[in-house]
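Please keep the coordinates open while reading.

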Amino acid sequence: MAANAKPVPGKTLISPTDHTLIMIDHQSQMAFATRSIDAVTLRNNAAMVAKAAAGFKVSTILTTVAEKTFSGPIFEEIKDAFPEADVIDRTSMNTWEDGRVTERVNQIGKNRLVFAGLWTSVCIVGPTLSALDQGFEVYVVADACGDVTDEAHQRAMDRMAQAGVRPMTSLQYLLELQRDWARTDTYELTTGIAKLHGGGYGLGIIYAKTMFGGSEDKHVTGVGTATKEASRQAAE
C-alpha cells in the first residue's frame, strides 16, 4: 500500500510546548578548556538557544556546577534571557543525579527533553543517557555544547546518537520552533534572534529587509500588511 502524504508535521519535530530545555554548565571555567568550538561561537549559539526558548516560552531548566567556588557564573547571555530563573547549582557532574533537577523535570511533566551544555562527554552524556534509560525522549543541541578536544565532543555525540539521542543545531532549534512564517506573532522574534546570532543567514535577513523590504512571510496567502505591522510594533 502506498504511503499517504498529509500536510502535518512529523512527530519527532519539536514545538514550543512539547519539550523542556535543560542548559547545563555554560560557565567561564568550563569554557576555558573547551576546544571543539571557539568561545565566541559557543556563546553565540548558547544565546540563540536561550533567547529562542525564552521568546517562545519553552519550559527551561538552568543549572551550574560549583558556581561560587570554581566554575563561575552562567553566561550573561543566558541569564539575560531568563533574568528571573532559579539556577540550580550542583556538585554532581551528572545533572540527572541531582534530585532538584529531576524534581523540576517531573513538575514540568514533559517527556521530551532538549539538552545543551559543557562538556559534551561528561555534563551532557550523563543526563541524556540517564533520561533515555528512564523513558524520556532526548535531543541535544550539538553546537551549543563543547568539549576539551574535537575527538571528545564527536565521540560523545556518537555515543549519544547510538543510544537514541537526536542531535540538532542552535539555528535548527530556533527555526523548528517557528516552523511556519505565517505565524506572525513570533515572526519578528525569530528573525530578530537570527539577525543577531544567525551568522550568514542573519546577515541575509538584514540585507533583504534593508535593500528590498524583504520578508519571508510576504508571499503567504492571507497574511495581511496590517497584521504583520501590528506584530512588528508589538515586538519593538
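**From a loop to the core and the surface**

Arg-179 is placed in the loop between α8 and α9; helices here are DSSP runs of H or I with at least four residues, strands are runs of E with at least two, and both are numbered from the N terminus. The model is a predicted one, in which local features need pLDDT of at least 70 and side-chain atom pairs count only at pLDDT 80 or more, while totals for chains, interfaces and linings use all residues. Residues are numbered from 1 along each chain as its sequence is written, and side-chain values use heavy atoms, with hydrogens and water left out.

Arg-179 is not a glycine, yet its phi is positive, about 60°. Most residues other than glycine have a negative phi, and most peptide bonds are trans. With a relative accessible area of 33%, Arg-179 is partly exposed; buried means under 20%, exposed over 50%, and partly exposed in between, computed with a 1.4 Å probe and protein chains only. A positive phi of about 55° is also found at Asp-25, likewise not a glycine. Asp-25 belongs to the loop between β1 and α1 (28-32), and its relative accessibility of 0% makes it buried. Trp-119 is situated in the loop between β4 and α6 (120-133).

The helix that precedes Arg-179 is α8. Which residues of helix α8 (residues 170-178) are buried? They are Ser-170, Tyr-173, Leu-174, Glu-176, Leu-177 and Gln-178. Their cover includes strands β1 (20-24), β4 (112-117), β5 (137-141) and β6 (166-168), together with helices α2 and α9 (187-197), where contact means heavy atoms within 4.5 Å. Helix α9 has its own buried residues, namely Tyr-187, Glu-188, Thr-190, Thr-191, Ile-193, Ala-194 and His-197.

The largest nonpolar core has 58 residues, of which Leu-21, Met-23, Ile-78, Leu-113, Phe-115, Val-140 and Tyr-173 touch the most other members. Such a core is a set of buried Ala, Val, Leu, Ile, Met, Phe, Trp, Tyr and Cys residues joined through side-chain atoms within 4.5 Å. Helix α2 (residues 39-55) supplies the largest share of this core, seven residues. Setting aside residues up to four places away in sequence, Leu-21 touches Val-49, Ala-53, Val-58, Ser-59, Thr-60, Ile-61, Val-114 and Tyr-173.

Thr-20 lies in strand β1 and is buried, with a relative accessible area of 1%. Its side chain forms a polar contact of 3.0 Å with the side chain of Ser-59. The term denotes a pair of N or O atoms within 3.5 Å; within protein, one must be able to donate a hydrogen and the other to accept it, and residues adjacent in sequence count only if both atoms are side-chain atoms. Beyond its neighbours within four places in sequence, Thr-20 is in contact with Ser-59, Ile-61, Ile-108, Lys-110, Arg-112, Leu-113 and Val-114.

Charged pairs come next. Side chains of opposite charge can pair when their charged atoms come close. The whole structure contains nine salt bridges, each being a side-chain nitrogen of Lys or Arg within 4 Å of a carboxyl oxygen of Asp or Glu. A network of them links Asp-18, Arg-112, Glu-137 and Arg-166. In another, the N to O distance between Arg-100 and Asp-98 is 2.8 Å; Asp-98 is buried at 10% relative accessibility, whereas Arg-100 is partly exposed at 43%.

Helix α7 (residues 150-163) holds both Arg-155 and Glu-151, four residues apart, about one turn, and their side chains meet in a salt bridge of 3.0 Å, N to O. Arg-155 also bridges to Asp-158, at 2.7 Å, N to O. Asp-158 and Arg-155 are about one helical turn apart because three residues separate their positions in α7. An α-helix has 3.6 residues a turn, so residues three or four places apart point the same way. Arg-155, at 40% relative accessibility, is partly exposed, and so is Asp-158, at 25%.

Met-211 is part of helix α10 (residues 199-212) and, at 51% relative accessibility, counts as exposed.
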